[in-house]
Amino acid sequence: MKIPVWGWAAKGERVNLRFNGQTYRSVAGRDGRWVLRLPAMKAGGPYTLEISGKNKIVLHDVLIGDVWLCSGQSNMVHQMKLHSVRYPDEIAGAHYPAIRQFWVPTATDLQGPKDDLPTGYWKCANPEDVLDFSAVAYFFAKDLYEKYHVPIGIINASVGGTPIEAWTSEAGLSRLPALVKTIEKNKDTAYISDPGRRRLADQANRPRLVDKGLAGPDPWYSPGYIPKGWRPIGVPGFWEDQGLRNLDGVVWYRREIDVPVSMTGKPAKVFLGRIVNADALYINGKEVGNTTYEYPQRRYALPTGLLRPGKNLFVVRVTNSFGKGGFVPDKPYCLMAGNDTIDLKGYWEYKVGEVFVPRRETDGGFGFSAQNAPTALYNAMIAPLIPYAIKGFVWYQGEANTSHAAEYAKLQPAMIEDWRSQWKEGDIPFLYVQLPGFGDYNYLPAESGWAELREAQLQSLSVPNTGMAVAIDLGEWNDIHPDRKKPVGDRLALVAEKIAYGEDVVYSGPIFRSAEFSSGKVTLSFAHTGGGLMTSDGEEPQEFAVAGADKKFVWARAKIEGDRVVVWSDTIKDPKYVRYAWADDPVEPNLYNKDGLPASPFEAQ
């Protein structure tokens, strides 16, 4: 495809561009903007790009290849460094100068599309810089590079916790009246700033709280502090489940850990699983690490010499502002040094340092967040990228919209259409991840916001030139950021091979096609059965449920018959509805094709 190159100069200034042995000329318009569209070229490089007008800019080490715009929320943000324990060999072996990432800095704008980014730069995949690559995007790019040997560029524009409407332009949301109204309100700076001023004034007049653990001459993490009034508590676990009713505030944990001589005098690490919400770890009176929000894994490196033979004082200060606070179960909690590991799970002691004053109805929630506002991220992080020549879009998002799945069913197709319209390159491939499982297991059929969101994502496959990577089997019940990022990237790359590169490959697991209700049974047919249907464990298909006209679902039996699945329940004589893996986090979604790809959850009638 043609390669747009653009920039700014003085009005009417002549601009010369030299690249790959050719010279191209342009003149800056009245607004100072100039643009050149270089002819399509073969992949390769490195080249030098020289731009001259009244001044001269020289860019070195420029490659020509396939560029993918990767976007979404935190699971697209999550860098390789956050998954270094699972993928140490992948990080050490990242010697791919032709795989590069451009990280778009987080920014918002409520007024309209921006022309430029505040900063940014490309980095290539080496063991140091790959730590800042999106894990999903890196594994996606690596698969494509190893198959096609073409330079792969990743433009990563992602922000954690953000809804899809923030990534869509005003024009893209024009058919959604409620959001159009919100966009117009948000352009009024007085409307945005007044509630914030009121909250700040209210907070200034409220009593100042003091953490007793930091107020005395000997803070509670100090080896010289003499503990009094501390109580036993289990780690991991939430304090609301262990006798502290509805407590928001600061809770201190302490425990003396016996460390053998063999673990001292060498590098060591402490794994504290995940903590809700913020924490600081002190060992022998020294702070060794802290995290300000709940989602990252707590993996703290200890300075050599900090641990000593015998008893070592471990103190954790945990702050939680709402919901349950404490240590998330089913995560690693240990001290490691060399080949030795000490388990940190068990009983610690706790004491409350500070109790937060309950929020009042007049406090107005948690305030206005620009990054969650419609168009805000599109304006500041996507619009400046247009019309960069891209191969396609990769999208991993949806967690922030699980409470509004019906709206999402309109928003995702609208965003796909919007981005394609803005780029003006036709039906650019749009690949996306269906949400994995997350949350408590439910052993009874039930309604589910996450399942409804997955169904909305599934329906977006009706948009031409789209592809979905099913990830229902890759989640973790206690972590909205599951660790297994490589299979997600691998599955996206498979989708790209088909949608973007035209390969004849099995790129998807079974996708529901039709249901036939007859004689008390439901016969389901699927697309993308590949080499045939199977279960991952060799057992009967699980997670199917049926309901009659009252839509009260019960678990159903299921049997694979060729490329179909027959579903029934002895308690529902005339089924009208059927569901598969319909839960926030289904227990055993075991329907796959023989190519090893999982079936998408679905609902049908």
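Glu90 is found in helix H2, where helices are DSSP runs of H or I with at least four residues, strands are E runs of at least two, and both are numbered from the N terminus. The model is a predicted one, in which local features need pLDDT of at least 70 and side-chain atom pairs count only at pLDDT 80 or more, while totals for chains, interfaces and linings use all residues. Residues are numbered from 1 along each chain as its sequence is written, and side-chain values use heavy atoms, with hydrogens and water left out.

Back to Glu90: at 19% relative accessibility, this residue counts as buried (buried is under 20% relative accessible area, exposed over 50%, partly exposed in between, with a 1.4 Å probe and protein chains only). Leaving aside residues up to four places away in sequence, Glu90 touches Met80, Tyr138, Phe139, Lys142 and Lys486, a contact being heavy atoms within 4.5 Å.

Next comes a pair of helices. Two packed helices are described by the angle between their axes and the distance between the axes. For H3 (residues 135-148) and H10 (residues 486-499), the axes come within 7 Å and cross at roughly 45 degrees; axes here are lines fitted to C-alpha atoms, for helices over the stretch in contact, with angles running from 0 to 180 degrees between N-to-C directions. H3 and H10 are therefore oblique to each other (under 35 degrees is roughly parallel, over 145 roughly antiparallel, 65 to 115 roughly perpendicular, and the rest oblique). On the H3 side, the contact is made by Val136, Phe139, Phe140, Asp143, Leu144, Lys147 and Tyr148, and H10 brings Lys486, Val488, Gly489, Asp490, Leu492, Ala493, Ala496 and Glu497. These residues divide into nine nonpolar, one polar and five charged, where Ala, Val, Leu, Ile, Met, Phe, Trp, Tyr, Cys and Pro count as nonpolar, Asp, Glu, Lys and Arg as charged, and the others, Gly among them, as polar.

Now for the charges. Side chains of opposite charge can pair when their charged atoms come close. A search of the whole structure turns up 27 salt bridges, each being a side-chain nitrogen of Lys or Arg within 4 Å of a carboxyl oxygen of Asp or Glu. One of them joins Asp132 and Lys81 (3.0 Å, N to O). Asp132 sits in the loop between strand S9 (122-125) and H3, and Lys81 in the loop between helix H1 (74-77) and helix H2 (88-92), so this pair ties together parts 51 residues apart in sequence. Asp132 is partly exposed at 32%, and Lys81 is partly exposed at 41%.

Glu417 and Arg175 also meet in a salt bridge (3.0 Å, N to O). Since Glu417 lies in helix H8 (residues 405-423) and Arg175 in the loop between strand S10 (152-158) and helix H4 (177-186), the pair ties together parts that are 242 residues apart in sequence. Arg175 is exposed, at 59%, whereas Glu417 is partly exposed, at 45%. Elsewhere, Glu447, Lys551, Arg579 and Glu603 are linked in a network of salt bridges.

The peptide bond from Gly45 to Pro46 is cis, with omega near 10 degrees, and Pro46 belongs to strand S5 (residues 44-52). Another cis bond runs from Val276 to Asn277, with omega near 0 degrees. Asn246, in the loop between strand S12 (237-238) and strand S13 (249-259), has a positive phi near 50 degrees without being a glycine.
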